[in-house]
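Please look at the sequence and the structure before reading the points.

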There are 2 protein chains.
Amino acid sequence: MPSPRPRTRIQQRNSETILAAALDIFSQQGFRGATLDQIADLAGLSKPNLLYYFPSKEAIHTALLTDLLDVWLQPLRDLDPAGDPLAEILTYVRRKLDMSRDMPRESRLFANEVLQGAPRIEATMTGDLAALVEEKAGVIHAWVTAGHIAPVHPKHLIFSIWALTQHYADFDVQVRAVLGPQEPDPYPDAAQHLETMFIKMLKV
Amino acid sequence: MPSPRPRTRIQQRNSETILAAALDIFSQQGFRGATLDQIADLAGLSKPNLLYYFPSKEAIHTALLTDLLDVWLQPLRDLDPAGDPLAEILTYVRRKLDMSRDMPRESRLFANEVLQGAPRIEATMTGDLAALVEEKAGVIHAWVTAGHIAPVHPKHLIFSIWALTQHYADFDVQVRAVLGPQEPDPYPDAAQHLETMFIKMLKV
DNA sequence: TAGCGTTATGACCAGACGGTAAAATTCTTA
DNA sequence: TAAGAATTTTACCGTCTGGTCATAACGCTA
């Protein structure tokens, strides 16, 4: 569920400012690495003032994660059982890659959390997430059975899509270090590469 | 370069114990999330005793990372330009996946570091790592040009291998949450999935 | 513009943390 | 086995950090 809506204009504005700053800091430093002072500084507020809007550091982090999970899984929810199988999967890949490009901080926030054992979203992982994947894996399995795409392990296909697309956000510094400064934007090549890859993998 | 060799038996044993404990803690909590007390407890030493063997928390972390990088890149170094192209790449994938299975803590240690901007291994990233990938990308490019494997962007192929294999270590809790308790070992299916995937991708 | 609820600030606290100093203990070897 | 080196422990320090509290400033509306 998304964070409760603030009631006044000032609350609205400051809550957003805080969450934006917190996303910056948490995604770069992890939960324990981030400090309230850093977040407050970046938000242009004093620490006590920040704690006027959120009861604790934990609460800010939780608010970010809960808001994020909704957005994060939307592309998978949108996978349409009635659509063209290959096109549906390619669209999913494309949208996930676009999210890595446009929301790298969100990707890293999520990665940080999962890396450290997902202590704060364990329930969602084994609940909503597992159920959603179960459902969509069923869709993919049906496509395979019907001969619309090549045989593939549905859940591992989904893992592959997550891994390949999120890698460009989570390991951004490594990607850029390897490509060198003359290749400032990895994404066009990545998109091309992934599209080719999944077509070869899934075409019957 | 690897950590300097300890001189006495006790130093040997305790250094190893400390590094083993530190790997556990750092890989699970990140650098700032880990505390010397945690590491000392797990190693069965007092904190000052621990600091008798390593001058600082930073030094322990650096020792781990430097030792690791050597091991981590070995499979890529072993990619043989004279070998059979498809077999070479499949072996590389296989070895990286085995490393995720057998050294998940090392994978997460590395992931934590890169996620947070790789502040402590920036030099290696843009130096040795970039050079190694440049060299091996050349090998792959030559294989493509010679028509031994299907056309592919060499560096993004390498990224794909990293992403797909390390995902199983770094996002382990998510993988297990999605697969559910009746599927306790993801690796056999993952190995099968990845092999099929890369064969389809690379076969001419 | 007075009054009241909302928002912001400064001073502060308790605990955690990385690290140090020096004394005490254990180990090695001459 | 005694001396000296290596190892371990006890007590401690300064700083950082999440969070509190009382007070002050602000801003809306009657």
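Buried means under 20% relative accessible area, exposed means over 50%, and partly exposed lies in between (1.4 Å probe, protein chains only). By that rule Asn112(A) is buried, with a relative accessible area of 4%.

The model is predicted, so local features need pLDDT of at least 70 and side-chain atom pairs count only at pLDDT 80 or more, while totals for chains, interfaces and linings use all residues. Residues are numbered from 1 along each chain as its sequence is written, chains are lettered from A and ligands numbered from 1 in the order in which they are written, and side-chain values use heavy atoms, with hydrogens and water left out.

**Asn112(A)**

- Asn112(A) belongs to helix H6 (residues 104-115) of chain A; helices are DSSP runs (H or I, at least four residues), numbered from the N terminus.
- In chain A, Asn112(A) touches Phe26(A), Ser27(A) and Gly30(A), and in chain B it touches Asn112(B), Leu115(B) and Gln116(B), not counting residues up to four places away in sequence. Contact means heavy atoms within 4.5 Å.

**Interface of chain B and chain A**

- The contact involves 51 residues of chain A and 52 residues of chain B.
- About 4,600 Å² is buried between the two chains, and carbon and sulfur atoms give 67% of this. Buried area is the accessible area (1.4 Å probe) that two parts lose on being put together, summed over both.
- Leu115(B), His156(B) and Val178(B) supply 15% of the area that chain B buries against chain A, more than any other three residues.

**DNA strand D**

- There are 18 residues around DNA strand D, and the closest are Lys47(A), Lys57(A), Thr8(B), Gln11(B) and Tyr53(B). A residue is near a strand if one of its heavy atoms lies within 4 Å of it.
- Sugar or phosphate accounts for 60% of the atoms of DNA strand D within 4 Å of the protein, and bases account for the rest.
- A phosphate oxygen of DNA strand D lies 2.5 Å from a side-chain N or O atom of Tyr53(B), and one lies 3.0 Å from a side-chain N or O atom of Arg32(B).
- For Lys57(A), a backbone N or O atom is 2.8 Å from a phosphate oxygen of DNA strand D.

Methods
Helices (H or I, at least four residues) and strands (E, at least two) are DSSP runs, numbered from the N terminus. A polar contact is a pair of N or O atoms within 3.5 Å; within protein, one must be able to donate a hydrogen and the other to accept it, and residues adjacent in sequence count only if both atoms are side-chain atoms.
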